[in-house]
Amino acid sequence: MAGHPGSADPLSPRAKLAVTAGKAAAAVSRAAGRGSGSVIGGKVALRLDPELLGRLATHLDVVLVSATNGKTTTTRLIAEALGAAGPVVSNALGANMPAGITSALAGGSEARFGVIEVDEKYLAGVARDVDPKAIALLNLSRDQLDRAGETRMLAEKWREGLAGSKAVVIANADDPLVVWAASSSPNVVWVAAGQEWKDDAWSCPACGGVMQRPGDDWFCGECGFRRPAPSWALSGDYVLDPHGSAWPIHLQLPGRANKANAASSAAVAAVFGVPPQVALERMYQVQAVAGRYDVVQFQGRDLRLLLAKNPAGWLETFSLIDPAPAPVVLSVNARGADGTDTSWLWDVDYTRLAGRPIFVLGDRKLDLAVRLEVAGLDFRVCETLDEAVQIAPPGRIETIANYTAFQDLRRRVGN
Amino acid sequence: MSMSDNSLRLVWVYPDLLSTYGDQGNALVVERRAQQRGLQVERYDVRSDQPVPTSGDIYLIGGGEDRPQRLASERLRRDGGLQRAVGNGAIVFSVCAGYQILGNEFINDLGQREPGLGLLDVVSTRGEGERCVGDVLGDIDPQLGLPELTGFENHQGITHIGPGSRPFARVRLGKGNGTGDGTEGAYNGTVFGTYMHGPVLARNPLIADLLLKLALDVNALPPTDDRWYEALRGERIAAAQQPA
């Protein structure tokens, strides 16, 4: 499905028509105030030409980025790094299913690189369609279990989809599910990027044996499946490259997880000849990503906006927020895009917030209230962000929300 | 057993395999409500390469994915500790995949009939239709003296109850056991099974109290401040009644 050899212009007349029709639909959607229009535009275009995605990608060096957490940020970091080697087109706003990806690529006819975030469930299909040069796999953990299905099944689909791929796979050696998914591929670059959340990989993905995890190592005692030797590693504030050189990470983005994303991004950039020093320097440019990590002023207070969608994401977020007694606002919804089951709140260790004043909002504030009550924490349930901000004690307010709750907060603060 | 030394042994079975849907919240709720009644809680999280202790008071088992469910059933059968604990009078409360494991048989990830532990007289098969996903509202067996059941179901199982067990509840909204007769879950003696997540004991704290009363062999417990539980119950019961 990848391209039409012999044709100088990869876009056939039918594909060009599809791109034009998609742009028209996107313009109508924007004019009607229904969002950026990138998804509707891509849907119209794909309906007119189902192979459009593959054809749009033929003139690009494509990098795919997938994970449960960090894929939007990492896509931005890689796009920034590869900008050193040529123009980049990217679905920077996180529209990561085939329609949104098609729409993003249709806007980048001059680009050399396509850096594309892909939803976990669509990775195998998109990898087939666009013939990527590199695929970055960061982590896999439980997320939206009411509709996404099972985490190990996702790893299985990745594994099947990558088995025939010619791409260089850049994969996290510290996540057993990612290692299992990536090891079907003949060409893997292992990055020791760390993984705080471990509760989806106690069972060996290969044989079902109980995983042993001494220190940072891991292995299955039964079948011998084990952590591969990494060629890249995150080590504190440094990226170690395959030659053993340590390169400092300077990011505006906070937290260990973003350092891990930077390490993976540097390994991707190296595939295209961008040296780690250049790649990491360019990554400093990345500030907020689709509002995430943005510090905004609201009612005379500083609020930092943090997105956390699942237990692994909450765990990484707790490790980067200001220490007690910094006030914390938590907001949780359970609309379609969030997953409608809130049971995952009980896999998050909220005792990590002890000592901080906690304010709770969102559609599912009562689920959070019971969760915090059982954790033995003090908290206040609020109807609105305004109310929470008014009663919060001094200090920058750390605002942590899941997907649609985060969109609600951004809208309220005018971000 | 426990009242004399004021301690409660709470066993969370196989978190490495059966803790995927937030069901460890059930252990947190039982632990908290026991502590609020002045009990010393000793909690044991037992991984599937460790023996299940036989001297626990309350055993909790959660839901999991299809392959971990088969592995858990194999390892629990081989271990035998849970069956011995029930023989000693222990209380078991199980959810979803864990519920199926406690029965006589279920369909495993390979599509084969997998024997369970036989602690509940139920047999589970896999439904052909859509997954049952969503809020559930039901009425718990009146013999147990508990208020309405609220929970969240997410499964494809169909569970038939034999003469040795009783339905735990009847659903008003939702699928429950998926047999079309409105039954949800099953119980006999001190062994309980349900398809409800939520987690179910956070949505229904009086079920947690029932387990504590059975463990302590008492008819009543000191009251607790349940206003957040009550607020959540009210909201979820109303939400279940909203057309989707």
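Me: Where in chain A is A:Asp341 found?
Reply: In this predicted model, A:Asp341 sits in the loop between E14 and strand E15 (358-361) of chain A. UniProt, in an unreviewed entry, lists A:Asp341 under "active site". That annotation may be inferred rather than shown by experiment.

Me: Why is A:Asp341 called buried?
Reply: The relative accessible area of A:Asp341 is 7%. Buried means under 20%, so A:Asp341 counts as buried.

Me: What makes B:Asp217 exposed?
Reply: Exposed means over 50% relative accessible area. B:Asp217 has 71%, so it is exposed. B:Asp217 lies in the loop between helix H6 (205-216) and H7 of chain B. Its phi is positive, about 55°, although the residue is not a glycine.

Me: Which loop holds A:Tyr293?
Reply: A:Tyr293 is in the loop between H10 and strand E12 (295-298) of chain A. A:Tyr293 is not a glycine either, yet has a positive phi of about 75°.

Me: Why are H12(A) and H7(B) called roughly antiparallel?
Reply: The axes of helix H12 (residues 365-374) of chain A and helix H7 (residues 227-241) of chain B cross at roughly 155°. Angles over 145 degrees count as roughly antiparallel, and therefore this pair is roughly antiparallel. The two axes come within 9 Å, and the crossing is left-handed.

Me: Which residues of H12(A) and H7(B) make the contact?
Reply: From H12(A) they are A:Leu366, A:Asp367, A:Ala369, A:Val370, A:Glu373 and A:Val374. From H7(B) they are B:Trp228, B:Tyr229, B:Ala231, B:Leu232, B:Glu235 and B:Arg236.

Me: How many residues of each class does the contact of H12(A) with H7(B) have?
Reply: There are eight nonpolar, no polar and four charged residues. Asp, Glu, Lys and Arg count as charged, so A:Asp367, A:Glu373, B:Glu235 and B:Arg236 fall in that class.

Me: How do you know that H12(A) is mostly covered?
Reply: Ten of the ten residues of H12(A) are buried. They are A:Lys365, A:Leu366, A:Asp367, A:Leu368, A:Ala369, A:Val370, A:Arg371, A:Leu372, A:Glu373 and A:Val374. The cover includes E14, E15 and strand E16 (380-381) of chain A. From chain B, it includes helix H1 (24-36), H5 and H7. Just after H12(A), A:Gly376 takes a positive phi of about 75°.

Me: What makes the contact of H9(A) with H10(A)?
Reply: H9(A) supplies A:Ala262, A:Ser265, A:Ala266 and A:Ala269, and H10(A) supplies A:Ala279, A:Leu280 and A:Met283. By class the contact has six nonpolar, one polar and no charged residues.

Me: Which peptide bond is cis, with omega near -10°?
Reply: That bond runs from B:Gly198 to B:Pro199. B:Pro199 is in the loop between strand E13 (191-194) and helix H5 (200-203) of chain B. In chain A, a cis peptide bond joins A:Ala324 and A:Pro325, with omega about 10°. A:Pro325 lies in the loop between H11 and E14 of chain A.

Me: How many helices and strands does chain A have?
Reply: Chain A has 14 helices and 17 strands. Of its 415 residues, 58% are buried.

Note on methods: Residues are numbered from 1 along each chain as its sequence is written. Chains are lettered from A and ligands numbered from 1 in the order in which they are written. This is a predicted model: local features need pLDDT of at least 70, side-chain atom pairs count only at pLDDT 80 or more; totals for chains, interfaces and linings use all residues. Side-chain values use heavy atoms; hydrogens and water are left out. Axes are lines fitted to C-alpha atoms, for helices over the stretch in contact, and angles run from 0 to 180 degrees between N-to-C directions. Helices (H or I, at least four residues) and strands (E, at least two) are DSSP runs, numbered from the N terminus. Angles under 35 degrees count as roughly parallel, over 145 as roughly antiparallel, 65 to 115 as roughly perpendicular and the rest as oblique. A crossing is left-handed if the near helix is turned anticlockwise from the far one by less than a right angle, and right-handed if clockwise. Contact means heavy atoms within 4.5 Å. Buried means under 20% relative accessible area, exposed over 50%, partly exposed in between (1.4 Å probe, protein chains only).
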